[in-house]
Amino acid sequence: MNKFVMAAIGGTMIGVLATTQLAAPLLAQESSKNTSVYEQLDLFGDIFERIRAQYVEEVDTNELIEAAINGMLTSLDPHSSYMSPEDAADMRVQTRGEFGGLGIEVTQEEGFVKVVSPIDGTPADAAGIEAGDFITHVDGQSLLGLTLDQAVDMMRGPVGSEIVITVLREGTAEPFDVSIIRDTIKLTAVRTRTEGQAVVLRVTTFNDQTYSNLESGLSDAIKEAGGIDGISGIILDLRNNPGGLLTQAIRVSDAFLEKGEIVSTRGRNPEDGERYNATPGDLAQGKPVVVLINGGSASASEIVAGALQDHRRAVVIGTKSFGKGSVQTVMPLRGDGAMRLTTARYYTPSGRSIQALGVSPDILVEQPRRQPASPEEEESAAPSRSEADLRGSLNNDSLTEDQIRQIEEDRAKAELSAKLREDDYQLAYALDILKGLSALGPAR
């Protein structure tokens with residue numbers, strides 16, 4: 001049976017007891033439990049028949065059974081659930097990287113839908129939805145009391161249609177409405193760009209495309225820089241990355257590690273545990289690596305951050321991650337449906353579980369909210385004067401024209417860096433750290 005293993009939440013561990021002295025009492029207890037289970041199933045059948053025969057309106061029995069199955073699974077944890085044939089098909093499409101919707105990863109907390117993260121370049125991202133937002137209403141209808149699947153169903157709709165969601169955000173006094181036009185979500189798993197001599201790998205999700213996108217993007221950036229010596233290091237941006245396939249998280253971690261454990265999983269039975277180890281080969285060829293995380297970094301992205309942090313292969317910068325620390329297995333069922341079941345917790349190489357705790361950054365850097373500048377601030381930001389601005393000031397005769405040109409180019413880069421601090425303070429901080437790390441390398 002095919003299984004799609006994904007990073008999610010949950011799992012417990014029990015031991016197995018078996019002695020000759022306890023065999024008879026244990027068998028008696030098991031028989032008693034089975035009797036109780038059969039009685040409960042009889043009760044379920046009685047209730048099902050009463051609803052079908054006496055409910056005020058005629059009910060769809062298939063929907064009734066699906067709701068019962070889903071209720072059983074969702075009672076376990078927020079991430080176990082039943083998927084109808086349609087939902088299972090949608091999941092398989094999302095894993096391949098293209099689907100319709102708003103472009104947000106959500107979970108449920110205190111009865112409301114909570115945004116884990118918006119996906120880059122999607123309608124939700126363009127509308128300003130942020131990680132940590134609570135969605136309380138959809139088109140004026142409250143989500144309180146609905147299951148997560150029911151709430152997600154309310155947010156689905158035809159591509160091009162409008163939806164109005166009511167958002168409650170920390171730091172705002174009142175909820176506010178956001179209008180979003182549904183669209184086809186085409187995920188580019190990894191976007192690559194260079195900032196100065198640093199290669200920035202923006203990983204938005206962990207789907208079938210992630211590792212291949214990362215490998216080709218990094219290879220192209222190194223070629224454009226004239227070789228590995230032309231770059232100062234790598235910034236792996238995992239902010240607002242909701243996770244995805246465990247296999248891809250392992251491959252991305254392995255891309256920067258030569259050896260050692262990447263992650264281990266431990267399920268209900270100790271013998272079911274697995275360990276995943278790195279293989280020789282570092283795509284960054286030993287260059288410094290900085291990882292960026294925030295509260296929207298969950299699941300597979302936490303595996304990568306935790307592995308590189310534990311191996312001291314990367315400096316982790318940003319804010320505490322989401323804390324979604326386990327494995328879910330998607331199991332196909334009869335009738336083309338599927339069951340998403342939490343089957344194990346995962347552990348970083350040092351043996352720590354980040355379930356509900358998250359990955360703590362090595363350097364805590366908050367992303368300040370941008371505030372519109374007041375006229376007084378704009379006036380105070382006027383460029384200051386220097387010696388070179390004074391009339392009749394002496395020229396610097398110790399520099400050649402090439403040296404002066406280099407200074408002017410460095411000054412222009414500094415101005416770009418200052419602008420980046422306004423647009424993305426955390427990334428600018430990561431670039432500064434990377435510059436410092438590369439400065440400590442061997443002299444050339």
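**Exercise 1. A network of charges**

Asp120, Arg191, Arg202, Asp237, Arg239 and Asp424 are linked in a network of salt bridges, a salt bridge being a side-chain nitrogen of Lys or Arg within 4 Å of a carboxyl oxygen of Asp or Glu. The model is a predicted one, in which local features need pLDDT of at least 70 and side-chain atom pairs count only at pLDDT 80 or more, while totals for chains, interfaces and linings use all residues. Residues are numbered from 1 along each chain as its sequence is written, and side-chain values use heavy atoms, with hydrogens and water left out.

Task: Determine which parts of the chain the salt bridge between arginine 202 and aspartate 120 links.

Solution. 
1. The closest N and O atoms of arginine 202 and aspartate 120 are 2.6 Å apart.
2. Arginine 202 belongs to strand β12 (residues 198-203), whereas aspartate 120 lies in the loop between β5 (112-118) and α4 (123-126). Helices (H or I, at least four residues) and strands (E, at least two) are DSSP runs, numbered from the N terminus.
3. The two residues are 82 residues apart, and the pair thus links distant parts of the chain.
4. Arginine 202 is buried, with a relative accessible area of 11%; buried means under 20% relative accessible area, exposed over 50%, and partly exposed in between (1.4 Å probe, protein chains only).

**Exercise 2. Two further salt bridges**

Task: State how accessible the partners are in the salt bridges aspartate 153 to arginine 156 and arginine 193 to glutamate 195.

Solution. 
1. The structure holds 17 salt bridges.
2. Aspartate 153 and arginine 156 meet at 3.0 Å, N to O. Aspartate 153 is partly exposed at 41% relative accessible area, and arginine 156 is partly exposed at 36%.
3. Arginine 193 and glutamate 195 meet at 3.0 Å, N to O. Arginine 193 is partly exposed at 38%, and glutamate 195 is partly exposed at 26%.

**Exercise 3. The open sheet and its helices**

Task: Give the strand order of the open sheet of 6 strands and identify its edges.

Solution. 
1. The order is β11-β12-β13-β16-β17-β20, with mixed pairing; two strands pair if DSSP finds at least two bridges between them.
2. The edge strands are β11 (190-195) and β20 (363-364), each of which pairs on one side only.
3. Strand β17 (residues 314-318) runs parallel to β20, and 2 bridges join them. Glycine 318 stands opposite leucine 364 in β20.
4. Helix α11 (residues 425-439) packs on the sheet and touches β11, β12, β13, β16, β17 and β20. The direction of α11 makes about 160 degrees with that of β16; axes are lines fitted to C-alpha atoms, for helices over the stretch in contact, and angles run from 0 to 180 degrees between N-to-C directions.
5. Helix α8 lies across β13 (233-237), β16 (289-293) and β17, running at about 130 degrees to β17.
6. Of the 11 residues of α8 (residues 300-310), 10 are buried, including Ile303, Val304 and Leu308. Just after α8, arginine 312 takes a positive phi of about 55 degrees.

**Exercise 4. A pair of helices**

Task: Describe how helix α6 (residues 210-224) and helix α7 (residues 246-254) pack.

Solution. 
1. Two packed helices are described by the angle between their axes and the distance between the axes.
2. For α6 and α7 the angle is about 25 degrees, and the axes are 9 Å apart.
3. Helix α6 is therefore roughly parallel to α7, since angles under 35 degrees count as roughly parallel, over 145 as roughly antiparallel, 65 to 115 as roughly perpendicular and the rest as oblique.
4. Thr210, Tyr211 and Leu214 of α6 make the contact with Gln248, Arg251 and Val252 of α7; contact means heavy atoms within 4.5 Å.

**Exercise 5. A hairpin**

Task: Characterise the pairing of strand β18 (residues 326-332) with strand β19 (residues 338-347).

Solution. 
1. The strands run antiparallel and are joined by 7 bridges. Proline 332 has alanine 338 of β19 as its bridge partner.
2. β18 and β19 form a hairpin with 5 residues between them, and glycine 335 in the turn has a positive phi of about 80 degrees.
3. Strand β18 is mostly covered, with 6 of its 7 residues buried.
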